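Visitor: I have a fold open on my screen and I'd like to learn how to read it. Could you walk me through it?

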Amino acid sequence: MKTRIKICGLTREADVDAAVEAGADAVGFVFYPPSPRYVTPERAAELARRVPPFVDVVGLFVNASAEEIAAACATVPLNLLQFHGDETPAFCRSFARPWLRAARVRPGLDLVEFACSYSDARGLLLDAFVEGYGGGGHVFDWTLIPAGLPGHLVLSGGLHADNVGDAIRRVRPAAVDVSSGVEAGKGIKDHEKVAAFVAAVRAADAAIGGV
Ligand SMILES: O=C(O)c1ccccc1N[C@@H]1O[C@H](COP(=O)(O)O)[C@@H](O)[C@H]1O
């Protein structure tokens, strides 16, 4: 199966267009005010108007309140919620929308137990454990991912055009998610890097017989 691609942290019209044009399956908006990629729901709604049917619009939240998430859902046509903080399973499932749960991978974290706790997630997103909650461009040790982890895996954390092929061959995720690795600066996407990233994913898919 082809590896799905999400380009996250979009803040500009031209970057949304570049992600769609390159062939991304999903675009992400960051609703976490401390992030340099933060957009308000109103701004995300403007940007999301450019997204054609069958490309998903994902909203990323870090320990937002239920009211903030409900307000974003009412303003932006979000297909998927991405919970990247310390949200509980009950909280994640309370919005009646498909959702992803991020796990910040580190030695000692029982990923099987984590995945089982969030078993009704649409996918488990694996990111590096670093200071802050994510989006820092850090790769984690992929050998910490146990074989046979249940559910759909979304691999993220420091991916870019030069390492995503290797990541796909080793981890075989259902999807990959990238922010820093396709940027010219925080929140500013480099369109050549976006295109190169998508091409690298498709090349890896072809090499392993996915498409
Ligand atoms: O993008 C952000 O600013 C961000 C802030 C808080 C939590 C997560 C964030 N981004 C997500 O982090 C991972 C890894 O990103 P990167 O490619 O290493 O920069 C990815 O899932 C982003 O969506």
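Predicted model: local features only at pLDDT ≥ 70, side-chain atom pairs only at ≥ 80, totals over all residues.

Visitor: How do strands of a sheet pair?

Guide: In general, strands of a sheet pair through backbone hydrogen bonds, and the pairing is either parallel or antiparallel. Here, eight strands pair in the parallel sense and close into a barrel, in the order β1-β2-β3-β4-β5-β6-β7-β8. From one strand to the next, the twist averages 25°.

Visitor: Which residue in β2 does I7 stand opposite?

Guide: Look for V27. The two strands there are β1, residues 4-8, and β2, residues 26-30, and three bridges join them in parallel.

Visitor: On to the helix α7. What should its 17 residues span?

Guide: Count 1.5 Å a residue, and residues 191-207 should span 24 Å. The end C-alpha atoms of α7 are 24 Å apart, so the two agree.

Visitor: Which residues of α7 are buried?

Guide: Burial is a matter of counting neighbours: 20 or more other C-beta atoms within 10 Å makes a residue buried. In α7 those are V194, F197, V198, A200, V201 and A204. Look down the helix axis and they fall within an arc of 155°, so they line one face.

Visitor: What covers the buried residues of α7?

Guide: The cover includes strands β1, β8 (175-178) and β10 (188-189), along with helices α1 (13-22) and α6 (164-171). On the face turned away from that buried side, you'll find A206 and A207 exposed.

Visitor: And what follows α7?

Guide: G209, with a positive phi near 80°.

Technical notes. Residues numbered from 1 in each chain as written. Pairing = 2+ DSSP bridges. Helix = DSSP H or I, 4+ residues; strand = E, 2+ residues; numbered from the N terminus. Axes fitted to C-alpha atoms, helices over the stretch in contact; angles between N-to-C directions. Expected span 1.5 Å × (residues − 1). Buried ≥ 20, exposed ≤ 12 C-beta atoms within 10 Å, placed from the backbone. Arc of directions from axis to C-beta. Contact = placed C-beta atoms within 7 Å.
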